[in-house]
Amino acid sequence: MKTGRRQLAVLDAIDRLDDGGLDSAGVSRAKGKTSSRKAHKTAKTAKKLAAMPRTRKKLADGDITAEHAEAAAEAADRSGDPDAADQELSGSADLMPADLFAKRSREWADRNEPTDKAEQRFARQRRLRTLRTFTDDEHMFAFAGAADPIVGAKLKAALDEEADRLWRLDGGRDGT
């Protein structure tokens with residue numbers, strides 16, 4: 001994935017110019033025709049990689065993809081310790097697909113995130129809880145939402161219990 005590694009290197013170089021011009025997110029959005037969200041995420045990854053030499057080298061050598069680098073950079077950001085993230089995550093990055101590495105990186109970040117940062121994240125998640133109900137195109141009741149992990153687990157348990165109850169009322173395992 002040469003495009004990804006080149007793009008991250010160029011974006012990092014743009015931000016290091018510090019010349020008052022367009023920042024790397026703006027360049028990524030304009031030239032890459034990406035969404036604002038993706039452009040900012042890519043720029044953030046490029047900036048984090050500047051402090052992660054092992055991960056940056058593996059990306060430059062083509063041993064890992066931009067997805068791997070993004071997962072490692074996100075873990076470094078959450079932990080607040082790019083050196084530790086670079087040292088502990090770079091060794092296994094090239095040994096697994098990007099999705100599995102992203103999971104491993106999230107688990108590492110969960111274990112290494114400072115308590116105050118985790119509490120701030122949880123408070124933010126609680127503020128952002130939402131549930132929206134609506135009727136879809138097929139005139140069916142539908143809902144969408146987001147919740148913090150604690151409320152989310154309670155909602156999932158309640159929904160699973162109700163779904164099982166309705167399934168059994170509909171005939172369940174008897175084949176009807």
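This is a predicted model: local features need pLDDT of at least 70, side-chain atom pairs count only at pLDDT 80 or more; totals for chains, interfaces and linings use all residues.
Helix α7 itself spans residues 98-112 and comprises 15 residues. The distance from its first C-alpha to its last is 20 Å, close to the 21 Å expected at 1.5 Å a residue.

The buried set of α7 consists of Ala98, Phe101, Ala102, Ser105, Trp108 and Ala109. These residues lie on the same side of α7, because the arc they cover around the axis is only 125 degrees. An α-helix has 3.6 residues a turn, so residues three or four places apart point the same way. The face of α7 turned away from the buried side carries the exposed residues Asp99 and Arg111.

When neighbours within four places in sequence are left aside, Ser105 is in contact with Ala71, Ala72, Ala75 and Leu89.

A separate local feature concerns the backbone at His139. This residue is located in the loop between β1 (130-135) and β2 (141-146). His139 has a positive phi of about 65 degrees, although it is not a glycine. The relative accessible area of His139 is 71%, and the residue is therefore classed as exposed, for which the criterion is over 50%.

Technical notes: Residues are numbered from 1 along each chain as its sequence is written. Side-chain values use heavy atoms; hydrogens and water are left out. Helices (H or I, at least four residues) and strands (E, at least two) are DSSP runs, numbered from the N terminus. The expected span of a helix is 1.5 Å times one less than its number of residues. Buried means under 20% relative accessible area, exposed over 50%, partly exposed in between (1.4 Å probe, protein chains only). The arc is that of the directions from the helix axis to the C-beta atoms. Contact means heavy atoms within 4.5 Å.
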